Amino acid sequence: MTAPADRNLMVQTMRWFGPSDPVSLSDIRQAGCEGVVSALHHIPNGEVWTVEEILKRKAEIEAAGLVWSVVESLPIHEDIKTHGPTLGRAIENYRISIENLAACGVTTITYNFMPLLDWTRTDLHYAMPDGARALRYEAVAVAAFDIFHIRRPDAAADYAPELVERARVRYEAMSEAGRKDLERTIIKGLPGSEESFGVDEFRAALRTYDGIDHAKLKDHMVHFLKAVCPTADAAGVKLVVHPDDPPFSIFGLPRVVSTEADLADLFERVPNESNGLCFCAGSFSIRADNDLAAMIERFGNRIYFTHLRNTRRENDAPGREHNAIDFHESPHLDGSIDMFSVISALRRASIRHDRRIPMRPDHGHQMLDDLHKRTNPGYSAIGRLRGLAELRGLEMGIARAMAAA
Ligand code: DNO
C-alpha cells in the first residue's frame with residue numbers, strides 16, 4: 001500500500017452511469033474522487049462486453065483524469081438465477097466478459113443475485129425535515145402493491161395480519177395516479193437496475209420462480225460461481241456480490257445474500273479467491289440483527305468494494321417481522337448505522353489485508369440546486385458530494401486517531 005499510515009486509505013469514487021448521466025465526470029473529479037464506478041448499460045444483459053466497448057468507456061474516464069476503479073454491475077442474466085433455457089450461453093458470455101475486462105485492466109466486478117428486481121423503494125421524494133428529499137421504503141406500500149395491485153396468489157400469507165389490514169386501507173384510499181406512481185417506483189426499475197416490468201410482465205416473471213426456494217436459489221448461485229470463479233481467479237479478477245436490498249424476501253421471491261450466515265455459507269461453498277463481497281452498509285443495515293462491524297471483521301479478506309450510506313429504521317420493535325420494517329435513507333453520518341465503527345472496521349481490514357478498498361458514497365439526498373434539476377434517484381451530485389465529504393472527514397479522523405494510539 002502506498003498511503004502513509006495516518007492518511008485515508010479508501011479509494012474515493014462515485015458511480016457514473018455513462019455519457020447520459022446528468023452528473024459529469026468533471027463533477028465527479030471536482031468532488032475529489034480518484035475513480036469512478038461504471039457499467040456498459042447499453043449492452044443487453046447476457047451479451048458479451050467486448051474489448052472495444054470496454055476500452056471506449058475506459059478512455060472516456062481516463063480523459064477526465066479518473067480511473068475506472070470498479071464495474072457496477074456486470075449483470076446476471078435471469079436464466080442463470082432460474083436455470084432457464086439460455087443458462088449455458090449466459091455463463092459462457094459472463095466468462096468472456098470477465099476475461100475482456102481483465103485484459104483492459106478492470107479487475108473488480110460487482111453483481112447481485114436478487115431475483116427480478118434490484119434495489120426496491122416505495123417513495124423517491126420523501127421530505128426530510130431540512131427540506132431535502134430522500135428515498136424511502138414503507139412496508140405497507142409494498143404489501144398493498146403485492147396483495148391488492150398485482151394480486152399475487154397467496155401474497156397475504158407472507159405478511160402479519162395487522163399489516164395486511166393496513167395495506168387494504170392504504171390501497172383503497174389511493175388514487176389511480178397514486179397506484180400507478182407506486183407501480184412505477186417498485187417495478188419500473190431504479191437507476192442501475194437491469195430489469196423493468198409492467199404489471200402483467202411482472203406477474204409472468206414471478207411465475208418463472210415457481211419451485212425456486214431459498215435453498216435452490218443458493219444452489220444456482222453456487223453453480224454460477226463455481227463456473228466463473230476459476231476464470232476470474234486466473235484473470236486476477238474479484239467478483240464482488242452486492243447484498244440484497246432490502247435484505248429479506250419480497251414478492252415471495254427468495255433472497256440469498258442478506259445475512260452474515262448467507263455470506264459464511266457462500267464463502268465456504270465457493271472458497272475461490274475471486275469470490276468477493278461488495279460491503280453495502282445501507283443494504284445490510286435494514287436487519288437490526290446484522291452486526292455490520294462484526295461482519296466486516298469476519299469477512300474483511302473478501303471485501304474489495306464498499307458502499308457507504310446510512311439508513312434510519314423507523315419502526316424497530318423486538319420480534320417485528322423483517323418485511324414489516326419501514327426505513328429511509330438518512331444523512332450519511334446520522335442514522336441506524338454507527339458509521340464510525342463501520343469505517344474503523346474497514347480500515348482495520350484494509351491494513352490487515354494490505355489493500356485499499358474502493359468506496360463510493362452510496363446515494364445522497366436531493367438537495368439545494370439539485371431539487372430543481374433532473375436527477376437519477378439517489379444519484380444526485382450535491383447529496384453525494386455532501387456524503388463523500390462527511391465520510392472522508394470521518395475516515396481521516398479515524399486514521400489519525402489510530403496512528404496516534
Ligand atoms: C443501488 C445499487 C444497486 C447495485 C446492484 C449491484 O443503488 O447499489 O443497484 O448497483 O445491486 O449489482
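Visitor: How much space lies in the largest pocket?

Guide: Here's the general idea: roll a probe the size of a water molecule over the atoms, and you see where empty space is left. Keep in mind that this model is predicted. In this case, the largest pocket holds about 530 Å³ of space. It has 25 lining residues, and Leu124, Asp181, Arg184, Thr185 and Leu190 are the closest to its centre.

Visitor: Which helix gives the most to that lining?

Guide: That's H7, with five residues. Strand E5 (123-127), helix H5 (139-149) and helix H7 (176-187) each supply at least two. By class, the lining of the largest pocket has nine nonpolar, eight polar and eight charged residues.

Visitor: And what about the second largest pocket?

Guide: There you have about 270 Å³ of space. Its lining counts 14 residues, with Arg152, Pro153, Leu206, Arg207 and Asp210 nearest the centre. Seven of the lining residues are nonpolar, two polar and five charged.

Visitor: Now the ligand. Which residues come nearest to it?

Guide: Glu72, Ser73, Asp118, His363 and Tyr379 do, out of 13 residues around the ligand. That shell splits into four nonpolar, five polar and four charged residues. The ligand takes up the space of the second largest cavity.

Visitor: How far is a polar side-chain atom of His363 from an oxygen atom of the ligand?

Guide: The distance is 2.6 Å. For Arg15, a polar side-chain atom lies 3.2 Å from a ligand oxygen, and for Trp119 a side-chain N or O atom is 3.4 Å from one. On its own the ligand has 330 Å² of accessible area, and the protein covers 99% of that.

Notes: Residues numbered from 1 in each chain as written. Predicted model: local features only at pLDDT ≥ 70, side-chain atom pairs only at ≥ 80, totals over all residues. Heavy atoms only, no water. 1 Å grid on protein atoms, 1.4 Å probe; cavity = no way out; pocket = protein on both sides within 12 Å on 5 of 7 lines; lining within 4 Å. Points joined across faces, edges and corners; volume = space filled by probe spheres on them. Helix = DSSP H or I, 4+ residues; strand = E, 2+ residues; numbered from the N terminus. Nonpolar A, V, L, I, M, F, W, Y, C, P; charged D, E, K, R; others polar. Near = heavy atom within 4 Å. Polar contact = N/O pair within 3.5 Å; in protein donor to acceptor, adjacent residues only side chain to side chain. Areas by Shrake-Rupley, 256 points an atom, 1.4 Å probe, with all protein chains shown as cover. Sits in = over half its atoms within 2 Å of the grid points.
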